[in-house]
Amino acid sequence: MNPHESYSDDYLQDILSSVKTIAMVGASPDKTKFSYGVLRVLHETGYDMIPVNPRPGLKEIRGLTVYSSLDKIDRPVDMVEVFRKPEDLLGIAEEAIAIGAKVLWGQIGVINYEAALLAEEAGLKVVMNRCPKIELFRPFWKPRLDLGI
């Protein structure tokens, strides 16, 4: 079995409880898009969310500064979450490695084994074809009660 077809609860819980800053590549300002809803929930849960979208003129999503690319972000990033086509994941993996991210997370449908291998060889944890918003509410998850609202 491919290691990217199944992830243990402990592996996912470790990632979601240890990361604090998440750059979302493919974040959308459109409230009807799935990426907007995921950004909203993760932000409201207490993660420091960084929307990444190269659209000219797009400055903010939900009051958060939008960056045109990962290398433009002005602070350390723990996790890069990807809402893009699977074939884009390899280039994004290279960028995630270059900025020192610890996790590369491909959203549901975002699967690229070459990107996963590259990221893992560089020391990143990798998750593909999963949604952190969904994983947060699985039975293993314990809420981060130490965070203010």
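Visitor: What does contact mean here, and which residues is Thr21 in contact with, leaving aside its neighbours within four places in sequence?
Guide: Contact means heavy atoms within 4.5 Å. The model is predicted, and Thr21 sits in strand β1, residues 21-25. With neighbours within four places in sequence set aside, the residues in contact with Thr21 are Asp48, Ile50, Arg75, Pro76, Val77, Asp78 and Met79.

Visitor: Is Thr21 buried or exposed?
Guide: Buried means under 20% relative accessible area. Thr21 has 10% relative accessibility, so this residue counts as buried.

Visitor: What distance separates the C-alpha atoms of Thr21 and His43?
Guide: Thr21 belongs to strand β1. Along the chain, His43 is 22 residues apart from Thr21. Their C-alpha atoms are separated by 9.8 Å.

Visitor: How many helices and strands does the protein have, and what pattern do they follow along the sequence?
Guide: The protein has five helices and seven strands. Read along the sequence, their pattern is α-β-α-β-β-β-β-α-β-α-β-α.

Visitor: What share of the contacts with a separation of 6 or more is between residues 24 or more positions apart?
Guide: The protein has 149 residues, and buried ones make up 46% of them. Among contacts with a separation of 6 or more, the share from residues 24 or more positions apart is 62%.

Visitor: What part of the accessible surface belongs to carbon and sulfur atoms?
Guide: The accessible surface of the protein comes to about 7800 Å². The part that belongs to carbon and sulfur atoms is 53%.

Visitor: How are the axes of α3 and α4 oriented, and what is the handedness of the crossing?
Guide: Helix α3 (residues 89-98) and helix α4 (residues 113-121) pack at an angle of about 15°, with axes 8 Å apart. That angle makes α3 roughly parallel to α4, because angles under 35 degrees count as roughly parallel. The crossing of α3 and α4 is right-handed.

Visitor: Which residues meet between α3 and α4, and how many of them are nonpolar, polar and charged?
Guide: From α3, the residues are Leu89, Leu90, Ala93, Glu94 and Ile97, and they meet Glu114, Ala115, Leu118 and Ala119 of α4. By class, the contact of α3 with α4 has seven nonpolar, no polar and two charged residues.

How values were computed:
Residues are numbered from 1 along each chain as its sequence is written. This is a predicted model: local features need pLDDT of at least 70, side-chain atom pairs count only at pLDDT 80 or more; totals for chains, interfaces and linings use all residues. Side-chain values use heavy atoms; hydrogens and water are left out. Axes are lines fitted to C-alpha atoms, for helices over the stretch in contact, and angles run from 0 to 180 degrees between N-to-C directions. Helices (H or I, at least four residues) and strands (E, at least two) are DSSP runs, numbered from the N terminus. Angles under 35 degrees count as roughly parallel, over 145 as roughly antiparallel, 65 to 115 as roughly perpendicular and the rest as oblique. A crossing is left-handed if the near helix is turned anticlockwise from the far one by less than a right angle, and right-handed if clockwise. Ala, Val, Leu, Ile, Met, Phe, Trp, Tyr, Cys and Pro count as nonpolar, Asp, Glu, Lys and Arg as charged, and the others, Gly among them, as polar. Buried means under 20% relative accessible area, exposed over 50%, partly exposed in between (1.4 Å probe, protein chains only). Accessible areas come from the Shrake-Rupley method with a 1.4 Å probe; for residues, only the protein chains shown count as cover.
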